[in-house]
Amino acid sequence: MQKKILLLFFMYQMVACSSATSYQKIENVKPTKQWGVIEAKETAKSMSHSLSVYYKTELKNGFLEWKAIQNSTSEHIDTKLISNEILNQLTKDKVPFVDTSIRADATKEMAFGKTGMVSSDSRLSVGKFKSPSHQIKGEINEVVNYESGNKIQYITVTLFLVSLETNQIVWSEQSNFLKKSKVEGYGF
């Protein structure tokens, strides 16, 4: 009897611990009712390509700084994921960025290096910070309509490149998505 119970216990553990998760190729993902992989990938691809071309042909120098994308939609959209994908591609394309959010930490480390408690071969040098010449900012907006049991959602993702010296918007790009999905329970 104990052997049967023990065998049943181990079989239960094997079934309970087995995973129903699988990986798919991103190219094969189907559209969903919510913001998803398709929208994130298309946005990152088109935005990074357009900005990379603009930087290399028009700006040709200077450092860019990224500001958080603002989500003004009714959906939860991980704007950091989109930002990271775009930044990753731009960095691969050799578009230079600065992260001004770490200046305070770097300044503390430089001051500590001047105390004499840090070896000269690893001490941070003063006066090598780079200032951004342009900021990238963005917005995600939507218009939602309901027609005949369908939700029709027009989503726009817009990025702007702004000159810090002149406050002029020197580049902008937009990705647009028109999604139509059935509204469950419509008409009840």
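Reader: Which elements each supply at least two residues of the lining of the largest pocket?
Author: Keep in mind that this is a predicted model. The lining of the largest pocket has 15 residues, and the closest to its centre include Trp 66, Lys 67, Lys 80 and Leu 87. Strand E1 covers 64-71 and helix H3 covers residues 79-92. The elements that each give the lining at least two residues are E1 and H3.

Reader: OK, and how much space lies in that largest pocket?
Author: Asp 99 is also among the lining residues closest to the centre of the pocket. The space in there comes to about 260 Å³.

Reader: Now H3 itself. Why are its buried residues on the same side?
Author: Thr 79, Ile 82, Ser 83, Ile 86 and Leu 90 are the buried ones. They sit on the same side of H3 because the arc they cover around the axis is only 100°.

Reader: Which residues are exposed on the other side of H3?
Author: The buried residues of H3 pack against helix H2, strand E1, strand E2 and strand E3. Exposed means over 50% relative accessible area. On the other side of H3, the residues that pass are Lys 80 and Lys 92.

Reader: What about the start of H3: which backbone nitrogen does Asp 78 reach?
Author: Asp 78 uses a side-chain oxygen here, and the gap is within 3.2 Å. The backbone nitrogen at the other end belongs to Lys 80.

Reader: And which residue takes a positive phi just after H3?
Author: H3 spans residues 79-92, and the spot you want comes just after H3. The phi there is about 65°, and the residue is Lys 94.

Definitions and conventions
Residues numbered from 1 in each chain as written. Predicted model: local features only at pLDDT ≥ 70, side-chain atom pairs only at ≥ 80, totals over all residues. Heavy atoms only, no water. Helix = DSSP H or I, 4+ residues; strand = E, 2+ residues; numbered from the N terminus. Expected span 1.5 Å × (residues − 1). Buried < 20%, exposed > 50% of the residue type's maximum accessible area, 1.4 Å probe, protein only. Arc of directions from axis to C-beta. Contact = heavy atoms within 4.5 Å. Polar contact = N/O pair within 3.5 Å; in protein donor to acceptor, adjacent residues only side chain to side chain. 1 Å grid on protein atoms, 1.4 Å probe; cavity = no way out; pocket = protein on both sides within 12 Å on 5 of 7 lines; lining within 4 Å. Points joined across faces, edges and corners; volume = space filled by probe spheres on them.
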